[in-house]
Amino acid sequence: MDSVHDMGGMQGYGTAYWPGSDEPTHADWELRAFVLALVTGPGSSHAFRHTIERLDPVRYLSGSYYERWLYEAEQALVESGAISHEEVAAWERRLDAGEPMPQRSDAAGAAKLVRALQRRPPLEPAIDARFAPGDRVRVRRMRPAGHTRCPRYLRGARGTVARVQGRDGVPDVDNAESEAVYAVAFDSAELWGDDVGRHVVHADLWERYLEPDHV
């Protein structure tokens, strides 16, 4: 991700903690937004995040975490043709006027969803991986169009391949191909300087983001 949507590792925002921030949710509607995003999502975490990253920057920064998830759910349903923005606006007016919220109970469907979420299929073997554990690599300096899982603070950094994770669909949501994914270890001093305390940072990176480090 780029622009304001890539806040990981950015400086100037102060300590990212405030009273109550350790609670997973703060209102019932947030749980409903969470579930709604799960059941309406596009089936790919990359496409899910890409939808959120299309939010207007002002709305992205001013909205809460689950407000963004709610936006993603609505946008996913609109783009699939299931609903329209006009229908959502009409329901908002009806609820504001005091109409009771529709209720539905489907215990079997809920149990099926829980089982599906508990299954995480493994990545396919990366039999044609370009790099191997122990290889020194450098993250390319690039700014690809669309969605990317490579944050800005990693670009240009040198690291060591810790393991080959397998093959997965690339973060570019407009490309259906897959490629090798690596767990790359970085010295924190390489990323943020010596004053933060030396430790190792791991990141999962797609092969297209990496090049051999010959230095």
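## Pairing and the overall fold

Two strands are said to pair if DSSP finds at least two bridges between them. Strand S1 (residues 136–139) and S5 meet this in the antiparallel sense, over three bridges. This is a predicted model, and the pairings described below are read from its atoms.

The protein chain has seven helices and five strands. From the N terminus on, the elements run α-α-α-α-α-α-β-β-β-α-β-β. Of the 215 residues of the protein chain, 29% count as buried.

## The sheet

The five strands form an open sheet in the order S4-S3-S2-S1-S5, with antiparallel pairing. At the edges are strand S4 (200–206) and strand S5 (210–212), each of which pairs on one side only. From one strand to the next, the twist averages 40 degrees.

The bridge counts can be followed across the sheet. S3 and S4 pair in the antiparallel sense over seven bridges, and Ala183 stands opposite Asp204 in S4. Strand S2 (residues 158–169) and S3 are joined, again in the antiparallel sense, by eight bridges. Within that pairing, Val164 has Tyr182 in S3 as its bridge partner, and Gly166 has Val181 in S3. S1 and S2 pair in the antiparallel sense over three bridges.

On the S5 side, Val137 stands opposite Pro212, while Arg138 stands opposite Glu211.

Side chains alternate along S1.

## The largest nonpolar core

In soluble globular proteins, nonpolar side chains tend to be buried together. In this model the largest nonpolar core has 21 residues. Leu154, Tyr182, Val184, Phe186, Leu205 and Leu210 are the residues with the most contacts inside this core. S1, strand S3 (178–187) and S4 each supply at least two of the core residues, and S3 gives the most, with five.

S3 is also mostly covered: eight of its ten residues are buried. One of the core residues with the most contacts, Tyr182, is the S3 residue that bridges to Val164.

## The second largest pocket

The second largest pocket has a volume of about 1,500 Å³. Its lining consists of 32 residues, of which Arg32, Ala33, Leu36, Leu70 and Met101 lie nearest the centre of the pocket. By residue class, the lining divides into 17 nonpolar, five polar and ten charged residues.

Which helices supply at least two residues each to this lining? They are helix H1 (28–40), helix H3 (57–62), helix H4 (65–80), helix H5 (85–96) and helix H6 (107–118).

## Two individual residues

Asp168 is found in strand S2. Is this residue buried or partly exposed? Asp168 counts as partly exposed because its relative accessibility is 27%, and buried means under 20%, exposed over 50%. Asp168 and Glu179 are eleven residues apart in sequence, and their C-alpha atoms are 5.8 Å apart in space.

His46 has its place in helix H2 (residues 45–53). With a relative accessibility of 8%, His46 falls under the 20% cut-off and so counts as buried. The C-alpha atoms of His46 and His147 are separated by 7.1 Å, although the two residues are 101 residues apart along the chain.

Key: Residues numbered from 1 in each chain as written. Predicted model: local features only at pLDDT ≥ 70, side-chain atom pairs only at ≥ 80, totals over all residues. Heavy atoms only, no water. Helix = DSSP H or I, 4+ residues; strand = E, 2+ residues; numbered from the N terminus. Axes fitted to C-alpha atoms, helices over the stretch in contact; angles between N-to-C directions. 1 Å grid on protein atoms, 1.4 Å probe; cavity = no way out; pocket = protein on both sides within 12 Å on 5 of 7 lines; lining within 4 Å. Points joined across faces, edges and corners; volume = space filled by probe spheres on them. Nonpolar A, V, L, I, M, F, W, Y, C, P; charged D, E, K, R; others polar. Core = buried A, V, L, I, M, F, W, Y, C linked by side-chain atoms within 4.5 Å. Buried < 20%, exposed > 50% of the residue type's maximum accessible area, 1.4 Å probe, protein only.
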